[in-house]
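Subject: A structure for you to explore

Hi there,

Here is the structure I promised to pass on to you. Please open it beside this email and have a look around before reading further.

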Amino acid sequence: MSSSNNPSSRKEKSSGERPSKAGNNFRQTFQEISIKHASRRRITNKIVSIIAIVFVIGAIIPLASILFEVIKNGVAVLSVQFLTQPPGAIGSDAGGIGPAIQGTLITVGLASLIGAPIGVLSGVYLSEFATTSSVKGPKQRAISFFANTIRLFNDVLTGLPSIVIGIVGYVAIVLALNSFSVWAGAFALSIIMIPIVSRVSEETLKLVPNSLREAGYSLGISKTKITLFIVLKNAKDGVLTGVILAISRIAGETAPLIMTILGTSLFFTSLTGPVDALPLRIWRLASQPYESAHGFGWGAALVLILIILALSASIRLIARGKGIRVRTETI
Amino acid sequence: MTSGSVHINTDIKKKVSSFLVGSNKNRRFGDKLFHGLVFGTAAYTLFIIVIVVFSVGAGSIKIFSQEGFIGFVTGTAWNAVEGRESYGALPYIIGTLMSSGIALLIGVPMSMGVAYFLVEMAPSRVSGPLSFIIELLAAVPSIIYGLWALFVFRFLIKDWIETPLYNTLGSYIPFFNQAPFGLDVFTAGIVLAIMIIPIVSSISRDVMKAVPDSQREAAYSLGATRWETSRMAVFPYGKSGLLGASILGFGRAVGETMLVTLIIGNAIGPSAIPTTLFSQSQTLSSLIANEFNEASSDLQLSALIGLGAVLLIITMIINIGARIMVSRMVKVSPGGRE
């Protein structure tokens, strides 16, 4: 690709003293252009720079506005009662979002208990076992084909719209149990979580220097223990950031919860019954035609944003000074 | 004293080393077990894929057998009245592509501008904090974008952009000829653009950072300005990565549910086909979210899951295409296993 961009420099290198005809032409034209249009080129450069700065400002204003509005409107309704009480009658300004906070913690917690171990171990497989050089030939090809398939499917899962994952939770769990349930919500959220954790774990484990593994082998330690006590121990901060990143991602998911946990104004009763969640509550409150409901929506948004920012900040605290690359977004 | 602690120390060491090395028989069994465990967790992904395909397929089979796949995809009616039930997905496919298209048209140039600023212009003491802020924006849940758009942004966009456009162009161009209300396909597109900017710009930033400096140095040494360097040396080198980033952003916009549900106006049936920029509309995902819990019949539920199947197919095509392009770029970039 690079040769098509600067043919003249390539050509000159290969043919020594004599620049080729094409290279000469290119340079001549370029010099002509650069002299002729010097001032116009400089102005174009300036204009592009200004446009870029305007775009940056344009991208930041919405963030400032969102944070400002959420804090301004959210703080106005914050109180102990708001954080702990179940919602009052529709349209009244009594009650709070207690069940939603509780439900988010339970659903996201259960999803993490399912998703984090599976994601981490799947990352361990892709990094430590799928790239093994001890087997050769067709078996090795089969293993690397399997690993690439898993990677591709993880990518496909990451790209699935969350509403489709909600449908999956509905058909696979809600219809099977015949009830909207925490299990269905946790299952759906774990589908979002696993590919993120798996990918981050794999990438982090691959950064552990091979010399550490070799040191373990030379002492006669088994592969299981090398993986658990040497490789994973060395990569634990990176793996942890991946897990927290995934948790912060699923904590804000709304769409899959509509058809799995349904949402209720009551506190948690059982894992096989419906439960409330913050994003879901925000949606229901925003859809109501009452001022008080909108105020509560902002308050719930403030609580949700604080939870997610706390998770993001903890990722950064863990990663600080350890050379761990943090990406808040996952592709 | 000293000899005692040394004794304990060697004792611990012995225990640790015997734990780590273990007996040969245990060890082989343990390794097999662990290998099986991690293999199983990796294979769990395959299991999920099967469940996804099965769930969406089984859920939508009823509507596809009633309307036919082509009939469902090209139909425009959405009638849940018993005895006259008829469902078609076309208006929502158009609504999805139009709102996401607007998001792409606005979001991608802005993201490229942000990435250009971060990589080529800003000194590191500016680009560091700015990257942090932009990644923060990526962490904000879409429901909060929706809340903000519904209660704050829609009034701004109606008063400052839509109404002036309507007043000046409305009588000449039919595309603008509808009195704006603030909850329409245009607003949805703009808020989707705001939502995808953080993702697209941070991936583009990574792609542009991965372009080797020798590319830039060659262009600078020929006397190119900063913009010309990017245009001739950076963008062409990273074009598949940048294209992939844009398509991934498009995929995000296509699949987004909650913020669209709140601001697109939620039209139903043939009227959901946006004929002007300021028409109320509906997307595949927003209709699913709106009606899923209120579905009155099995057929309607099946039709909603059928919309999910159409959405699944669209996003799969988009995502796989984008990933092929990004991975083509990443293979060129330095880094990876050490």
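Below is what was found in it, one topic at a time. Please keep in mind that this is a predicted model.

**Chain A as a whole**

Let's begin with the overall make-up of chain A. Chain A has 15 helices and zero strands. Of its 331 residues, 53% count as buried. If you take the contacts in chain A between residues at least 6 apart in sequence, 71% of them join residues at least 24 apart.

**Two helix pairs**

Now find helix H6 (residues 98-129) of chain A and helix H7 (residues 138-159) of chain A. These two pack at an angle of about 140°, and their axes are 11 Å apart. On the H6(A) side, the contact is made by A:Ser122, A:Tyr125, A:Leu126 and A:Phe129. H7(A) brings A:Ile143, A:Phe146, A:Ala147, A:Ile150, A:Arg151 and A:Asn154 to the contact. Sorted by class, the contact of H6(A) with H7(A) has seven nonpolar, two polar and one charged residues. The crossing of H6(A) and H7(A) is left-handed.

Helix H4 (residues 90-121) of chain B packs with helix H5 (residues 124-139) of chain B at an angle of about 145°, with axes 9 Å apart. B:Val114, B:Phe117 and B:Leu118 of H4(B) make this contact with B:Val126, B:Ser127, B:Leu130, B:Ser131 and B:Ile134 of H5(B).

Not counting residues up to four places away in sequence, B:Phe292 touches A:Ile167, A:Tyr170 and A:Met259 in chain A, along with B:Leu301, B:Leu304 and B:Ile305 in chain B.

Seven of its eight residues are buried, so H12(B) is largely enclosed by the rest of the structure. The buried ones are B:Leu284, B:Ser285, B:Ser286, B:Leu287, B:Ile288, B:Ala289 and B:Glu291.

**Salt bridges**

How many salt bridges does the structure hold over all chains? There are 13.

- A:Glu128 and A:Arg213 meet through their side chains at 2.7 Å, N to O. This pair links distant parts of the chain, 85 residues apart: A:Glu128 is in helix H6 of chain A and A:Arg213 is in helix H10 (residues 210-218) of chain A. Both A:Glu128 and A:Arg213 are buried.
- A:Glu202 forms a salt bridge with A:Lys206, and their closest N and O atoms are 3.0 Å apart. The two are separated by about one helical turn, because they are four residues apart in helix H9 (residues 182-206) of chain A. A:Glu202 counts as buried at 8% relative accessibility, whereas A:Lys206 is partly exposed at 22%. Together with A:Arg151, these two are linked in a network of salt bridges.
- B:Asp298 forms a salt bridge with B:Lys62, with the closest N and O atoms 3.7 Å apart. B:Asp298 lies in helix H13 (residues 298-332) of chain B and B:Lys62 in helix H2 (residues 24-67) of chain B, so the pair ties together parts that are 236 residues apart in sequence. B:Asp298 counts as exposed at 54% relative accessibility, and B:Lys62 as partly exposed at 41%.

**A glycine in a loop**

To finish, look for B:Gly269 in the loop between helix H11 (258-263) and H12 of chain B. Is B:Gly269 buried or exposed? B:Gly269 is buried, with a relative accessible area of 3%. Leaving aside neighbours within four places in sequence, B:Gly269 is in contact with B:Thr76, B:Trp78, B:Pro91 and B:Tyr92. From B:Gly269 to B:Tyr87 is 8.5 Å in space, C-alpha to C-alpha, although they are 182 residues apart in sequence.

Happy exploring!

Terms used
Residues are numbered from 1 along each chain as its sequence is written. Chains are lettered from A and ligands numbered from 1 in the order in which they are written. This is a predicted model: local features need pLDDT of at least 70, side-chain atom pairs count only at pLDDT 80 or more; totals for chains, interfaces and linings use all residues. Side-chain values use heavy atoms; hydrogens and water are left out. Axes are lines fitted to C-alpha atoms, for helices over the stretch in contact, and angles run from 0 to 180 degrees between N-to-C directions. A crossing is left-handed if the near helix is turned anticlockwise from the far one by less than a right angle, and right-handed if clockwise. Contact means heavy atoms within 4.5 Å. Ala, Val, Leu, Ile, Met, Phe, Trp, Tyr, Cys and Pro count as nonpolar, Asp, Glu, Lys and Arg as charged, and the others, Gly among them, as polar. Buried means under 20% relative accessible area, exposed over 50%, partly exposed in between (1.4 Å probe, protein chains only). A salt bridge is a side-chain nitrogen of Lys or Arg within 4 Å of a carboxyl oxygen of Asp or Glu.
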